[in-house]
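An account in running paragraphs would be welcome, with the criteria behind each term.

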Amino acid sequence: MFVDGVELTDKDLAGLSQEGLADLAKAMAAWRVKESQSQFFRMFPAEDTKQSDGSMIYARSKYAKHLEFFGAGADYRERCAMCANRVGKTYGMGAYETTCHLTGLYPDWWPGYRFTKPIRAWAAGKTNETTRDIVQTVLLGSISFDGARKTTTGTGMVPGYLLANPSWKQGVQDLVDNVQVQHISGGWSTLGLKSYQQGRGSFEGTSQDWVWLDEEPPIEVYGEVVIRTATTNGRVAMTFTPLEGLSDTVMQFIAKDETAI
């Protein structure tokens with residue numbers, strides 16, 4: 001059993017007093033409230049679900065391509081979802097899978113690769129501004145302040161109560177550099193935000209377990225990212241609309257159409 005990200009064994013539960021069990025019940029109730037407020041836990045339900053505002057979240061069976069994309073991660077280190085605009089590639093594919101890996105909170109139906117411990121991860125977009133306005137916002141929410149301390153609202157795909165210690169990139173207003181994400185094991189994953197605008201050099205040096213590239217990267221950036229995940233047997237996923245035609249990056253997957261969904 002997990003409560004607020006902490007695993008409780010049968011031995012732990014057996015040793016609780018009546019007062020301890022009452023405190024546990026309160027903690028579990030608070031945990032359920034947190035889950036109900038998080039976008040992540042509402043995604044891909046078994047059946048169509050009507051929200052309190054009247055909107056619908058549709059059953060995962062209606063997202064066959066999303067599930068196929070997730071499932072391919074079990075067999076392939078490199079994946080690419082080349083899709084039309086407004087089909088949920090950023091939100092429903094990239095951000096959702098990134099959150100699964102960072103937190104370890106895989107749903108029971110998850111068909112893809114699973115990391116079993118906290119990870120080092122990158123998420124990247126085309127420019128500093130698009131990384132901040134799209135990738136960062138969909139994962140972490142918007143900018144807020146806790147007193148004088150700048151932070152994020154935690155209203156993105158990553159449950160806000162699992163976020164800690166954001167640091168900020170120098171020279172780019174309100175762009176997160178790194179943030180910690182609590183993993184279900186009790187440890188902490190690290191998420192770094194990057195942009196292709198920073199050049200290949202900014203992707204050199206450190207090994208990563210997971211990299212999500214939102215929008216098409218230059219081939220030299222893509223090649224560097226693959227190298228960063230080689231020693232960890234990590235995974236790379238791209239989600240983009242191929243606006244630049246048959247580019248070198250696109251051709252990496254056209255030539256290997258068994259990995260392109």
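F70 is buried, its relative accessible area being 0%, where buried means under 20% relative accessible area, exposed over 50% and partly exposed in between (1.4 Å probe, protein chains only). The model is a predicted one, in which local features need pLDDT of at least 70 and side-chain atom pairs count only at pLDDT 80 or more, while totals for chains, interfaces and linings use all residues. Residues are numbered from 1 along each chain as its sequence is written, and side-chain values use heavy atoms, with hydrogens and water left out.

The structure holds 16 aromatic pairs; rings of Phe, Tyr and Trp (its six-membered ring) pair if their centres lie within 6.5 Å, and planes under 30 degrees apart count as stacked, over 60 as edge-to-face and the rest as tilted. The rings of F70 and Y96 are 5.9 Å apart at their centres and their planes stand at 40 degrees, so this pair is tilted. Because F70 belongs to helix α4 (residues 64–72) and Y96 to helix α5 (residues 89–103), the pair ties together parts that are 26 residues apart in sequence. Helices (H or I, at least four residues) and strands (E, at least two) are DSSP runs, numbered from the N terminus. Y96 also counts as buried, at 2% relative accessibility.

A further tilted aromatic pair is formed by W109 and W110, with 6.1 Å centre to centre and 50 degrees between the planes. W110 has 6% relative accessibility and therefore counts as buried.

F44 is found in the loop between α3 (39–42) and β3 (49–50), and is buried with a relative accessible area of 5%. D174, likewise not a glycine, has a positive phi of about 65 degrees and lies in the loop between β9 (163–168) and β10 (176–182).

What lies around helix α4? Within α4, the residues H66, F69, F70, G71 and A72 are buried. Their cover includes β5 (78–82), α5 and β13 (235–240).

Aromatic rings also meet charged side chains. R235 lies over the face of Y113, 3.9 Å from the ring centre, and K194 lies over the face of F203 at 5.7 Å from the ring centre. A charge sits over a ring if NZ of Lys or CZ of Arg is within 6 Å of the ring centre and within 35 degrees of the ring normal.

At the surface, L246, M251 and I254 form a nonpolar patch with about 300 Å² of accessible area together. Accessible areas come from the Shrake-Rupley method with a 1.4 Å probe; for residues, only the protein chains shown count as cover. M251 sits in helix α8 (residues 248–254) and is partly exposed, with a relative accessible area of 36%.

For the protein as a whole, there are eight helices and 13 strands, and buried residues make up 45% of the 261 residues.

Definitions and conventions. Patches are made of residues with over 30% relative accessible area and no salt bridge: like charges are joined within 9 Å, nonpolar side chains (Val, Leu, Ile, Met, Phe, Trp, Tyr) within 5 Å. A salt bridge is a side-chain nitrogen of Lys or Arg within 4 Å of a carboxyl oxygen of Asp or Glu. Contact means heavy atoms within 4.5 Å.
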